[in-house]
Amino acid sequence: PSVAEFCGNVYTIDLGYSNDVLQNGSDCNIDFVTETAVRPFSMSSLPWNAHKGSLGHVAVIAGSGKYSGAAALASLGALRGGAGLCTCYTLPCCVARVCVLAPELIVQAVASENALEWEPEFVEELLPELAGKVVVCGPGMGNTPAVAECVKLLLQAHCKGLIFDADALNAIASNPSILREASVPVIITPHPGEAARLLNCTVGEIESDRTAAAKRLHEITGAVVVLKGARTLICGEKLQMLLNGNQAMATGGGMGDVLAGLCGAYLARSAVDAEAAAGAAAWAHAHAGDILHWMRPYAPIRASELANFI
């Protein structure tokens with residue numbers, strides 16, 4: 001009561017953790033991701049002589065005839081994350097839509113004009129070009145056996161790191177442990193539906209114990225896990241939780257595509273610390289959403305406009 005005059009409205013928010021869980025040793029060891037996580041990726045932290053060659057190169061492998069926008073949004077996320085260069089490798093039907101979004105992007109068609117779906121040979125031919133780059137794979141590629149083969153090929157790439165999202169995760173849901181074959185850092189960014197497919201359970205089971213799901217995914221895949229949703233979790237060597245983000249970000253689709261690209265940019269710019277890059281990207285993404293929600297509390301938030309607030 002003595003501090004009431006200094007407070008506005010005070011709310012109690014149930015995070016879904018019982019007292020038993022919170023008092024049970026290691027199960028309650030959850031760190032909160034704060035602004036300090038993203039400060040090393042601020043433009044003001046760069047040396048005065050920084051240039052595009054020193055800020056990393058992101059390769060986005062994404063898009064299909066049905067989901068060309070996913071390739072565009074993932075590429076925009078990489079640009080907004082400050083990658084020195086971003087090349088979007090996509091199908092011919094997506095090229096125009098990606099190009100119109102940002103002239104700074106390098107856009108390369110990977111197949112002949114009539115290709116509407118990914119084939120493993122498209123990725124196999126790209127492998128030499130991926131050396132030294134961080135690869136973001138999956139948004140809008142389609143959930144097909146061919147995409148699963150594309151993921152397997154990328155595990156052999158001599159790149160700096162791999163970000164798997166969306167259809168790249170759906171395609172390997174029957175064997176997620178295959179990601180352990182990668183010799184470079186891996187980040188996966190599933191939403192609850194994708195996590196349920198990877199763990200062969202229901203979305204309800206994922207949401208009833210999100211911490212256990214994130215830990216299990218990390219154990220199976222060996223990857224840094226960004227389990228998206230209300231109170232996003234990041235699980236690698238430690239378990240972290242976001243306290244930012246809001247419900248207006250749930251509209252329209254494409255938010256995860258932007259986040260995948262942003263993870264790629266931060267990993268490309270870091271000293272291969274995938275866990276730090278994932279946590280910082282998740283915080284910056286949610287913070288951008290909070291800024292937009294504060295500006296327009298009654299309006300939904302579109303992924304393309306959120307990207308420009310990162």
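User: What does "partly exposed" stand for when it is applied to a residue?

Analyst: The term covers residues between two limits, since buried means under 20% relative accessible area and exposed means over 50%. In this predicted model, M295 has a relative accessible area of 45%, and is therefore partly exposed. M295 belongs to helix α11, which spans residues 274-295, and together with W294 and F309 it forms a nonpolar patch on the surface, the three having about 380 Å² of accessible area together.

User: Is A196 buried or exposed?

Analyst: By the limit of under 20%, A196 is buried, because its relative accessible area is 4%. A196 sits in helix α7 (residues 192-199), and, leaving aside residues up to four places away in sequence, it touches C201, T202, V203 and I206. A196 and N170, which are 26 residues apart in sequence, lie 9.9 Å apart in space, C-alpha to C-alpha.

User: In what order do the strands of the open sheet run, and which of them stand at the edges?

Analyst: The 10 strands follow the order β1-β10-β9-β8-β7-β6-β5-β2-β3-β4, with mixed pairing. The edges are taken by β1 (30-33) and β4 (106-109), each of which has a single partner strand, so that one side of each is left without a neighbour in the sheet. From one strand to the next, the twist averages 20°.

User: How many bridges join β9 to β10, and which helix lies across these strands?

Analyst: Three bridges join β9 (residues 233-235) to β10 (residues 239-242), the two strands running antiparallel, and L233 stands opposite M241 in β10. Helix α9 (residues 210-221) lies across β1, β7, β8, β9 and β10, and runs at about 150° to β8.

How values were computed: Residues are numbered from 1 along each chain as its sequence is written. This is a predicted model: local features need pLDDT of at least 70, side-chain atom pairs count only at pLDDT 80 or more; totals for chains, interfaces and linings use all residues. Side-chain values use heavy atoms; hydrogens and water are left out. Patches are made of residues with over 30% relative accessible area and no salt bridge: like charges are joined within 9 Å, nonpolar side chains (Val, Leu, Ile, Met, Phe, Trp, Tyr) within 5 Å. Accessible areas come from the Shrake-Rupley method with a 1.4 Å probe; for residues, only the protein chains shown count as cover. A salt bridge is a side-chain nitrogen of Lys or Arg within 4 Å of a carboxyl oxygen of Asp or Glu. Helices (H or I, at least four residues) and strands (E, at least two) are DSSP runs, numbered from the N terminus. Buried means under 20% relative accessible area, exposed over 50%, partly exposed in between (1.4 Å probe, protein chains only). Two strands pair if DSSP finds at least two bridges between them. Axes are lines fitted to C-alpha atoms, for helices over the stretch in contact, and angles run from 0 to 180 degrees between N-to-C directions. Contact means heavy atoms within 4.5 Å.
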